[in-house]
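Please look over the chain shown below, and then read the notes that follow, which are grouped by topic.

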Amino acid sequence: MSAPPIARELGQSRKVVNKQLYDLRRRGKVEKMGEKVWTMNDEASCGGKLIEYQSDDQDISIRLTKSSRFSKDFTFLSVLGAGGFGCVTKAQHNVDGKTYAVKIVKDMGEANREVKALATLEHSSIVRYYSTWSEDANWVDGSYSTESSVLSKISEDLDNYSDQGDGSTHVTNQSDLDLSETASEDQANHSMTDSSSRNGDWLCLFIQMEFCEGGTLKDWIITNNGRSKDEALGIFQQMLCGVEYIHSKGLIHRDLKPENILFGSDGMVKIGDFGLVTTITTPSAASMYRTVNKGTPLYMSPEQKTGGKYDEKTDIFSLGMIYFELLWDMSTVSEKIKVLESLRTQRFPCNFCKKFFFEHKLISKMLSESPANRPNAKEIAAFLKRCLLQNQTGQLLKTV
């Protein structure tokens with residue numbers, strides 16, 4: 001492929017495109033085959049392992065490079081799940097023999113925030129973080145195309161370069177993000193949305209985490225439709241303990257839902273997927289405006305849907321939704337959607353209050369439209385302790 005058609009396709013000058021091509025050659029991504037002909041070399045064309053995943057919600061295909069650290073250090077076993085962000089794989093380490101969950105993320109801005117958060121969290125109810133590294137990977141839509149990969153790579157690099165008008169270029173660094181939401185984060189997210197459908201190389205982040213072999217809470221709910229109130233309470237208390245710890249670190253999870261609650265090998269609850277984590281306040285301890293619709297609609301709080309300023313109480317709303325789902329059996333997906341949508345406006349099923357008196361009282365408070373009326377995690381734990389003592393006292397009185 002030559003520079004002129006690339007320039008026309010990208011709407012850039014030949015001078016800028018030529019600079020990018022020579023830069024790619026210095027980095028070993030392309031080779032010059034003739035006076036005006038360029039091609040991807042074998043290394044750049046990611047001639048390594050292909051990771052593929054297909055589901056009703058998401059199809060994904062990632063071609064690793066031949067020198068991929070992931071391929072050298074791990075034996076790929078399967079894809080656990082995927083989304084617009086990338087995918088989570090199950091892989092066995094070639095040295096220690098243990099199985100890990102390795103998340104491959106192509107949005108470096110959001111991924112950096114997730115890693116920084118995970119590195120600060122060490123709790124029995126939170127998925128354990130081990131390490132992270134970056135490497136190139138080619139995101140494939142259909143068959144691999146060398147020509148489109150050259151085009152996409154240059155286009156991606158141009159997003160991080162600006163023309164100074166004097167023939168020079170400089171790199172715009174967008175990876176130095178803290179955990180707070182800023183204008184630069186919104187720009188990174190906008191750029192990601194615009195370019196995520198393109199084929200081509202991405203500098204991806206690989207996040208090595210604890211593999212939770214017990215599966216997700218979503219699966220547990222489906223397979224345990226005869227669950228008891230005590231089982232539901234035990235799981236909820238572990239989630240609550242993890243959320244209280246997250247909030248004590250000045251963080252908001254923002255995407256609590258049954259799919260992101262996992263079970264370790266010992267059956268204990270583990271909160272995972274910190275892809276939407278953010279800080280409660282700015283570094284100056286001020287509240288901040290948030291981006292709109294960060295989270296999963298069925299579980300997110302009203303204020304998450306509308307944006308504006310909100311704090312850790314948004315996680316309390318999500319916890320209330322999950323606690324209800326643990327207690328109330330819903331046999332079909334359509335029934336679940338209908339009941340949970342009603343629950344968001346405090347409309348409980350007819351018999352729920354009679355069957356779960358204390359739980360109804362608590363969940364109603366957790367689902368308050370105003371965050372100020374919701375209890376925090378510590379207050380919920382205290383309420384549960386009082387209820388437990390009352391229940392034990394009642395049991396003792398019955399035996400007297």
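**Loop residues with a positive phi**

- Arg-254 lies in the loop between β12 and β13 (261-263), where helices (H or I, at least four residues) and strands (E, at least two) are DSSP runs, numbered from the N terminus.
- Although Arg-254 is not a glycine, its phi is positive, at about 75°.
- Most residues other than glycine have a negative phi, and most peptide bonds are trans.
- Arg-254 is buried, with a relative accessible area of 1%; buried means under 20% relative accessible area, exposed means over 50%, and partly exposed is in between (1.4 Å probe, protein chains only).
- Asp-273, found in the loop between β14 (269-271) and β15 (278-279), is another residue other than glycine with a positive phi, near 55°.
- Asp-273 is partly exposed, with a relative accessible area of 29%.

**How the model is to be read**

- This is a predicted model, in which local features need pLDDT of at least 70 and side-chain atom pairs count only at pLDDT 80 or more, whereas totals for chains, interfaces and linings use all residues.
- Residues are numbered from 1 along each chain as its sequence is written, and side-chain values use heavy atoms, with hydrogens and water left out.

**The chain as a whole**

- The chain holds 14 helices and 17 strands, and 48% of its 400 residues count as buried.
- Among contacts between residues at least 6 apart in sequence, 63% join residues at least 24 apart, a contact being heavy atoms within 4.5 Å.

- An α-helix has 3.6 residues a turn, so residues three or four places apart point the same way.
- In helix α1 (residues 3-10), the buried residues are Ala-3, Ile-6 and Ala-7.
- These buried residues fall within an arc of 100° when seen down the axis of α1, so they line one face of the helix; the arc is that of the directions from the helix axis to the C-beta atoms.
- Arg-8 and Glu-9 are exposed on the other side of α1, and the residue that follows this helix is Gly-11, whose phi is positive, near 70°.
- In helix α11 (residues 333-343), Lys-336, Val-339, Leu-340, Ser-342 and Leu-343 are the buried residues.

**The packing of α8 and α10**

- Two packed helices are described by the angle between their axes and the distance between the axes.
- The axes of helix α8 (residues 229-248) and α10 come within 9 Å and cross at roughly 165°; axes are lines fitted to C-alpha atoms, for helices over the stretch in contact, and angles run from 0 to 180 degrees between N-to-C directions.
- That makes α8 roughly antiparallel to α10, since angles over 145 degrees count as roughly antiparallel, those under 35 as roughly parallel, 65 to 115 as roughly perpendicular and the rest as oblique.
- The residues that make this contact include Leu-233, Phe-236 and Leu-240 of α8, and Ile-316, Leu-319 and Tyr-323 of α10.

**Paired strands**

- Strand β3 (residues 50-54) pairs with strand β4 (residues 59-64) in the antiparallel sense over five bridges, and two strands pair if DSSP finds at least two bridges between them.
- Within this pairing, Glu-52 stands opposite Ser-61 in β4.
- β4 also pairs with strand β8 (residues 129-139), in the antiparallel sense and over three bridges, and here Arg-63 stands opposite Asn-138 in β8.

- Glu-210, which has its place in strand β11 (residues 200-210), is buried, with a relative accessible area of 18%.
- Not counting residues up to four places away in sequence, Glu-210 touches Ala-101, Ile-126, Val-127, Arg-128, Tyr-130 and Lys-270.
- Lys-249 lies in the loop between α8 and β12 (251-252) and is partly exposed, with a relative accessible area of 44%.
- Lys-249 touches Thr-120 and Leu-121, again not counting residues up to four places away in sequence.
- Although Lys-249 and Thr-279 are 30 residues apart in sequence, they are 8.8 Å apart in space, C-alpha to C-alpha.
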